[in-house]
Amino acid sequence: GQLLESGGGLVQPGGSLRLSCITSGFTFSSYPMAWFRRAPGKEREWVSHIDRDGITTYYADSVKGRFTISKDNDRNTLFLQMNSLKPEDTAVYYCARFVGRTPGNYHYWGQGTQVTVSS
């Protein structure tokens with residue numbers, strides 16, 4: 001399957017962004033989906049994931065209460081609404097078909113979308 005992330009950009013601390021991930025090549029509605037991120041000089045980390053029906057969501061403690069993951073099975077698209085952004089949220093964000101919180105479980109990553117939080 002293919003994953004195409006978009007929606008990143010430069011935003012001031014406290015601002016918001018909405019990331020999108022358009023997918024193709026697999027039955028999107030049958031799979032849980034996830035967002036990961038890789039900050040400069042750090043390992044890729046799990047951010048959030050959502051069950052295949054788009055009902056149950058999970059978040060890393062660092063983003064809980066600020067980020068919201070959602071899934072539109074009609075449009076084969078995954079979203080990440082990011083509010084109250086902090087400089088430490090600066091990273092390249094990737095979507096993935098969820099197979100666990102460990103990045104090493106994944107063999108394919110899309111290009112990602114860059115999020116920069118800075119004044």
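User: What is the volume of the second largest pocket, and which residues line it?

Analyst: In this predicted model, the second largest pocket has a volume of about 160 Å³. Its lining consists of Arg37, Arg38, Ala39, Lys42, Glu43, Glu45, Ser62, Arg66, Lys86, Glu88 and Asp89.

User: How is the lining of the second largest pocket divided by class?

Analyst: Asp, Glu, Lys and Arg count as charged, and on that basis the lining has 9 charged residues, with 1 nonpolar and 1 polar residue besides. For the largest pocket, of about 230 Å³, the lining has 6 nonpolar, 3 polar and 1 charged residues.

User: Why is Arg66 called buried?

Analyst: Buried means under 20% relative accessible area. Arg66 has 11%, so the term applies. Arg66 lies in the loop between strand E6 (57-59) and E7, and its contacts beyond four places in sequence are Gln81, Met82, Asn83, Ser84, Leu85, Lys86 and Asp89.

User: What makes the pair Arg66 and Asp89 a salt bridge?

Analyst: The criterion is a side-chain nitrogen of Lys or Arg within 4 Å of a carboxyl oxygen of Asp or Glu. Between the side chains of Arg66 and Asp89 the N to O distance is 2.7 Å, so the pair qualifies. Because Arg66 is in the loop between E6 and E7 and Asp89 in the loop between E8 and E9, the pair ties together parts that are 23 residues apart in sequence. Asp89 is buried too, at 1% relative accessible area. Salt bridges with shared partners join Arg37, Glu45, Arg66 and Asp89 into one network.

User: Which members of the largest nonpolar core touch the most other members?

Analyst: Of its 35 residues, these are Trp35, Phe67, Leu78, Leu80, Met82 and Tyr93. The largest share of this core, 6 residues, comes from E9. Beyond four places in sequence, Phe67 touches residues including Val47, Tyr59, Leu80, Met82 and Tyr93, as well as Arg37 and Asp89.

Terms used: Residues are numbered from 1 along each chain as its sequence is written. This is a predicted model: local features need pLDDT of at least 70, side-chain atom pairs count only at pLDDT 80 or more; totals for chains, interfaces and linings use all residues. Side-chain values use heavy atoms; hydrogens and water are left out. On a 1 Å grid over the protein atoms alone, a cavity is a set of points where a 1.4 Å probe fits but cannot get out, and a pocket is an open set with protein on both sides within 12 Å along at least five of seven lines; lining residues have an atom within 4 Å of a point. Grid points are joined across faces, edges and corners, and a volume is the space filled by probe spheres set on the points. A nonpolar core is a set of buried Ala, Val, Leu, Ile, Met, Phe, Trp, Tyr and Cys residues joined through side-chain atoms within 4.5 Å. Buried means under 20% relative accessible area, exposed over 50%, partly exposed in between (1.4 Å probe, protein chains only). Helices (H or I, at least four residues) and strands (E, at least two) are DSSP runs, numbered from the N terminus. Contact means heavy atoms within 4.5 Å.
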